[in-house]
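User: Hi! Could you walk me through this two-chain model, one topic at a time?

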Amino acid sequence: MQTLYLLVPLAPLVGAIVAGLFGRYIGTVWSHRITISFVFISFLASLIIFRDVLNGNVFNGTVYTWLVTGDTSFEIGFLIDQLSATMMVVVSLVSLMVHIYTIGYMQGDPGYQRFFSYISLFTFSMMMLVMSNNFLQLFFGWEAVGLVSYLLIGFWYTRPTATYANLKAFLVNRVGDFGFLLGIALVLMHFGTLDYAGVFAQAPDLAGESFEFIPGSSWLVITVICILLFIGAMGKSAQFPLHVWLPDSMEGPTPISALIHAATMVTAGIFMVARMSPLFELSDVALSVVLVAGGITTLFMAFVAVVQNDIKRVVAYSTLSQLGYMTVALGASAYSAAIFHLMTHAFFKAVLFLGAGSVIIAMHHEQNMEKMGGLKKYMPITYWTMFIAALASAGVPGFSGFFSKDAIIEAVAFADIPYAGFAYFCVLATVFVTALYTFRLLFMTFHGKPRMDEHTKSHLHESPWVVTLPLVVLAIPTVGAGWFIGPIVFGDYFENVIYVLPEHAAIEKLAAEFTGIGGMMLHALVTAPFWLSLAGILTAWYLYTIRTDIPAKIKTIFGPVYTILDKKYYIDELYSWLFAGGARALGSGLWKIGDIKLIDGFIVNGSAKLVAGFAVLAKRFQTGYIYHYAFTMIVGIFAILTIWLY
Amino acid sequence: MLFGFPLLSLIIWLPILVGIAILATGGDRNAPLARWIALTGSILGFLIALPLYTGFDPATSAMQFVENHVWFERLNVYYHIGVDGISMPLILLNCFTTPLVVIAGWQIIQERVSQYMGAFLIMSGIVNGVFASMDAVLFYVFWEASLIPMFLIIGIWGGPNRVYAAIKFFLYTLLGSLLMLVAFIYLYQSSGGSFSIIDYHQLPIPLSAQILIFVAFLLAFAVKVPMWPVHTWLPDAHVEAPTGGSVVLAAIMLKLGGYGFLRFSLPIAPDASHYLAEMMIALSLIAVVYIGLVALMQADMKKLIAYSSIAHMGFVTLGLFLFNAYGIEGAMVQMISHGFISGAMFLCVGVLYDRLHSRQIADYGGVVNKMPAFAAFFMLFAMANAGLPGTSGFVGEFMVIMGAVKVNFWYAFLAATTLIFGAAYTLWMYKRVIFGAIASPSVEGLRDLSKREFVLLAILAIAVLWLGVYPFPLTDVMHVTVDNLLDHISNSKL
């Protein structure tokens with residue numbers, strides 16, 4: 001079994017190396033054959049491991065010692081339990097599908113082999129992240145997925161927007177990692193180890209300990225640690241205020257938007273917090289921070305999605321909002337619900353993204369939905385799979401998204417943590433907005449009259465099987481993954497993995513009311529989320545198929561509101577002025593004034609000038625002319641005599 | 001002993017002798033011969049240094065491979081050399097770098113080839129001597145001697161403003177080290193006539209004297225590192241130096257300063273070190289933050305990397321004055337890693353400079369379209385420079401940050417800003433140089449790496465990745481020495 005553990009990350013790594021270094025020699029076909037086979041091996045191994053874990057075989061062990069310093073040993077090792085095994089299956093399945101899809105999407109691209117190399121490298125990094133048994137390796141995987149994300153957003157490197165977006169993504173993530181690394185440093189300092197097991201075992205002992213974090217104010221150690229770790233999660237999982245990089249990441253090719261910027265990498269933050277539940281549980285303050293950040297992201301990013309016309313941007317803002325749901329669940333101590341939503345979201349969002357990609361291929365890389373419409377009859381498979389995913393996204397009973405989202409909303413309602421009320425309002429209101437923007441996308445793209453030019457229209461056709469197969473395969477869990485909510489969220493699936501304090505037992509209260517998935521669906525009919533969702537769908541249907549003139553009118557009436565949403569609350573402008581501009585101004589000032597004027601101009605060259613000045617002065621006395629010396633001597637004697645006589 | 005020769009002496013003198021032999025090949029008629037002798041000699045120099053690692057006993061902090069002969073009997077000056085876990089990795093780094101700079105100058109240097117190659121070989125031997133010396137006079141002789149080849153390299157093969165840069169470099173570093181000589185004379189007197197560095201370690205010294213000694217050493221070492229605010233010679237020296245000169249300067253010469261702190265300041269004046277630690281930490285953090293911001297605004301690639309060097313060396317001095325194992329071992333790892341990365345970064349700029357004769361970022365853009373292999377290497381080194389885990393750049397910074405948080409959270413906070421600044425200045429430069437559409441006809445005419453350049457960068461790439469993925473063998477050899485040093489400096493010498 002341990003060989004299999006190694007195989008899961010290493011197989012894609014080998015694929016990445018082969019395609020990356022030798023892609024030029026083995027050609028496009030062998031590049032995708034090799035990488036896909038290796039990812040398939042990884043997927044099979046993950047399945048076997050998953051079954052093994054279900055049989056109760058968890059594993060926690062070291063692979064090799066990375067470094068020993070002082071009395072601490074840093075190791076690379078695996079922790080294989082229910083949480084990591086679930087993540088491994090989700091990651092390898094979506095990755096495999098995206099690999100296959102890429103054959104169709106990237107056909108003829110000059111960077112074909114490079115692309116396969118990158119996505120395999122991503123799979124390796126993501127696996128290292130989820131399989132880690134310690135904070136250090138977690139950070140390794142964390143930054144490595146960031147690197148691949150950077151490379152892939154800038155994949156089409158001749159586009160200025162792409163290279164701007166990838167730099168922005170990397171730097172914003174680095175801000176998160178800055179907090180994350182400090183959190184890890186505090187963990188090491190207070191626990192003396194970075195191994196999860198060791199840290200979690202000691203966590204309760206440290207619960208009451210506080211230190212003077214800011215001079216004069218005392219903070220709980222755990223609170224500071226958790227907030228710092230959560231800053232890392234905010235970067236990676238794009239939570240407000242570090243969300244700004246994710247919409248721009250859509251500059252990358254669509255397959256990676258699906259894999260990295262929707263289904264897997266951006267959920268790393270959620271995974272991390274769930275993994276750290278024994279720490280977060282000990283700090284209500286940290287949980288409140290998580291709730292508020294999640295709540296804001298959920299609602300306000302959903303609003304932005306409503307006004308976007310770029311099909312990928314709609315899905316991107318939808319991802320932000322859905323990540324907000326997961327974050328809120330974490331803050332409400334409903335970790336299992338967060339992971340469950342992570343899983344269902346991975347499937348339905350992957351379908352939405354890959355479907356959007358399929359549309360983009362058909363539209364000859366046109367992404368503006370105002371130039372689409374009526375695609376339903378040309379692309380039935382894409383349409384129906386996306387329709388299913390939209391139902392799941394809107395939370396229609398029966399589909400996977402319904403179960404996970406409903407569990408989150410109910411759990412937040414039960415939570416007693418400060419600001420849970422605010423978060424509850426956000427997640428509830430967002431149900432309507434989610435249904436609205438998702439079905440707005442569907443109706444604008446697939447229904448109504450075609451708005452594209454004749455040339456594009458004449459070429460419209462369904463995408464090849466390499467594109468539609470992943471859509472169909474992923475549509476299956478999009479429907480059915482939710483049916484396992486009983487054991488996964490309300491059962492003992494995550495026992496010994498996720499730790500919840502008795503006073504935070506929102507999920508436990510919810511579980512008491514759970515009577516099976518049928519009961520859950522029936523119960524939904526009498527609760528607000530169902531009707532909000534229905535209202536959203538109907539609104540979208542009315543506005544975008546029946547009275548298509550109304551949206552324009554709304555836009556004119558609510559001009560300022562529309563502009564604020566369209567400009568994404570001006571946060572990008574603020575950041576680029578404040579942080580990018582500020583750093584440049586500061587750097588320029590320090591350089592030109594500090595280095596050039598003060599240190600070099602005044603001190604270094606100044607002292608050189610001083611020496612030179614003395615030399616000039618001294619030179620005057622040594623001209624070589626006898627009469628100068630004679631004159632100096634006379635003056636000197638005169639001076640000495642004067643002093644002598646005086 | 002290697003074939004009957006004392007190993008450490010061989011490591012010092014072989015490159016010097018080979019260097020002299022190269023000088024003897026004379027004018028540029030014999031340039032190919034000079035190149036081949038230099039390459040063979042430098043590779044041989046690296047190979048004979050390997051037994052230092054394989055034969056090293058990591059279980060002891062005592063000096064190993066020791067040789068001790070009388071030099072000037074009347075003054076008690078000895079030819080006393082040896083290595084411990086601190087100096088051994090640095091000697092290996094130096095011997096590793098020499099063949100690389102020889103290869104780097106293979107084609108581009110067409111004038112005074114024998115002098116150029118000779119200077120590098122001689123400098124390599126001298127620097128080994130600095131790291132191995134256990135006698136203060138011997139150390140001082142090697143220390144000052146190492147200035148001369150570098151002065152010549154910048155002054156002869158440098159850019160248009162080379163004379164200003166060379167003299168600035170020379171005066172800055174010479175003035176710094178003069179006070180060190182005064183400190184040695186004081187120590188000679190108060191130790192009752194010994195120049196043995198190990199004797200100095202045991203010598204009790206009152207605090208006021210310790211502080212003076214510390215300051216005297218500080219000037220010498222701070223200039224070399226360089227620490228803020230005595231750093232301004234470095235950007236000028238780098239900009240004017242030929243590629244090989246920049247590589248040695250960044251990879252090796254700066255380490256002399258860090259090594260000096262470890263060998264002299266900390267063990268000879270431990271009480272003063274503690275007393276002045278906060279000042280040292282403050283200067284180091286200024287280097288990280290201030291220089292990180294300054295680097296952001298550089299328009300010249302070499303200047304940018306020079307500033308980034310200063311910021312990275314800030315981690316070395318920060319680590320040294322945290323007085324814990326994370327800090328000191330982190331500083332050591334950072335020095336080795338910085339040797340690989342800064343060397344590689346300067347080589348990358350050299351590759352571009354050789355083609356377009358410009359170091360200005362604005363003259364480039366879209367290089368990846370024409371030089372994909374180069375862009376891939378440059379990406380790796382840029383990421384290493386930004387401290388990405390999995391590359392060597394991460395290890396030292398990680399260890400120092402872990403050490404800093406133990407002393408004060410806010411030290412770690414400021415140090416960790418390098419995660420953002422380091423990425424910002426490195427990747428912003430990368431974006432402007434490498435990415436984008438082809439920016440000019442001259443970029444259009446670029447050709448990708450030659451085989452020689454490829455090999456060079458590949459060797460460094462392997463080194464950077466190896467140290468990032470598996471740094472254990474490096475820290476393993478320095479453990480006991482560092483523990484012993486920490487033990488030593490925790491005891492007062494008043």
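Analyst: Happy to. A residue is called buried if 20 or more other C-beta atoms lie within 10 Å of its own, exposed if 12 or fewer do, and partly exposed in between, with C-beta atoms placed from the backbone. Helices (H or I, at least four residues) and strands (E, at least two) are DSSP runs, numbered from the N terminus. This is a predicted model, in which local features need pLDDT of at least 70, side-chain atom pairs count only at pLDDT 80 or more, and totals for chains, interfaces and linings use all residues. Residues are numbered from 1 along each chain as its sequence is written, while chains are lettered from A and ligands numbered from 1 in the order in which they are written.

User: Is helix H10 of chain B buried or exposed, and how many of its residues are buried?
Analyst: Helix H10 of chain B covers residues 233-240.

User: What radius of gyration does chain B have, and why does it agree with a compact globule?
Analyst: Chain B has 23 helices and two strands, and its C-alpha atoms fill a box of roughly 70 × 55 × 40 Å along the principal axes. Buried residues make up 63% of its 494 residues. The radius of gyration is taken over C-alpha atoms, and the globule rule is 2.2 Å times the number of residues to the power 0.38. For 494 residues that rule gives a value near 23 Å, so there is agreement with the chain B value of 21 Å.

User: What share of the residues of chain A counts as buried?
Analyst: Chain A has 27 helices and four strands. Its C-alpha atoms fill a box of roughly 120 × 65 × 60 Å, taken along the principal axes. Of its 646 residues, the buried share is 56%.

User: How many Å separate the centres of the two domains of chain A?
Analyst: Domain bounds come from an automatic or database domain assignment. For chain A, this gives domain 1 (1-547) and domain 2 (573-645). Taken over C-alpha atoms, their centres are separated by 63 Å.

User: Which residue takes a positive phi in the hairpin of S1(A) and S2(A)?
Analyst: Two strands pair if DSSP finds at least two bridges between them. Strands S1 (residues 59-69) and S2 (residues 72-80) of chain A are antiparallel, with nine bridges. A:Gly61 has A:Phe78 as its bridge partner, and A:Thr65 stands opposite A:Glu75. Two residues lie between the strands, and the positive phi, near 55°, belongs to A:Gly70.

User: Which helix gives the largest share of the side of chain B that touches chain A?
Analyst: There, 43 residues of chain B are in contact with 42 residues of chain A. Helices that each supply at least two residues to this side of chain B include H13 (277-296), H15 (325-356) and H23 (472-490). The largest share, seven residues, comes from H20(B).

Notes
Contact = placed C-beta atoms within 7 Å.
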